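Here are a few notes to read alongside the model. Have it open as you go through the points.

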Amino acid sequence: MPTASKTSPGDFLSGALELRRKLDRLIDAAVIAERECGSTWEQIAQAAQMTRQSAHEK
C-alpha cells in the first residue's frame with residue numbers, strides 16, 4: 001500500500017475497513033439477487049464454499 005506524506009494514524013486501516021463494509025453490502029445484494037433469480041440456499045452455499053446453514057444464517 002503506498003504511503004502519502006499527509007496521512008494520519010489509522011487512515012490505512014480506516015480505508016480498509018470501509019472497503020470491507022462496502023464489500024459486505026455487495027455480497028448481501030448478490031445473495032438477494034441470487035434468491036430473486038431462484039437460486040436455492042444450497043446453490044448459494046456451494047458458490048460461497050460454505051454449508052447451506054451458514055449461508056442462510058449470514
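How do the residues of the lining of the largest pocket divide into nonpolar, polar and charged? Point 2 has the count.

1. Before the details: this is a predicted model, where local features need pLDDT of at least 70 and side-chain atom pairs count only at pLDDT 80 or more, while totals for chains, interfaces and linings use all residues. Residues are numbered from 1 along each chain as its sequence is written, and side-chain values use heavy atoms, with hydrogens and water left out.

2. Here is the pocket answer: 9 nonpolar, 2 polar and 4 charged residues make up the lining of the largest pocket. In this scheme Ala, Val, Leu, Ile, Met, Phe, Trp, Tyr, Cys and Pro are nonpolar, Asp, Glu, Lys and Arg are charged, and the others, Gly among them, are polar.

3. The largest pocket holds about 380 Å³ of space. Among its 15 lining residues, Ile27, Val31, Ile44, Ala48 and Lys58 are the closest to its centre. A pocket here is an open set of points on a 1 Å grid over the protein atoms alone, where a 1.4 Å probe fits, with protein on both sides within 12 Å along at least five of seven lines; lining residues have an atom within 4 Å of a point. Volume is the space filled by probe spheres set on the points, which are joined across faces, edges and corners.

4. Which helix gives the most to that lining? It's H1, with 6 residues. H1 and helix H2 (41-48) each supply at least two. Helices are DSSP runs of H or I, at least four residues, numbered from the N terminus.

5. Now the charges: the structure holds 2 salt bridges (a side-chain nitrogen of Lys or Arg within 4 Å of a carboxyl oxygen of Asp or Glu). Arg21 pairs with Glu18 at 2.9 Å, N to O, and Arg25 pairs with Glu18 too, the closest N and O atoms being 4.0 Å apart. That links Glu18, Arg21 and Arg25 in a network. Arg21 and Glu18 sit 3 residues apart in H1 (residues 11-36), about one turn of the helix.

6. How exposed is that trio? Relative accessible area is 29% for Glu18, 41% for Arg21 and 49% for Arg25, and each is partly exposed (buried is under 20%, exposed over 50%, partly exposed in between, with a 1.4 Å probe and protein chains only).

7. Last, have a look at Gln49, in the loop between H2 and helix H3 (52-57). Its phi is near 55 degrees, a positive value in a residue other than glycine. Gln49 is exposed, at 75% relative accessible area.
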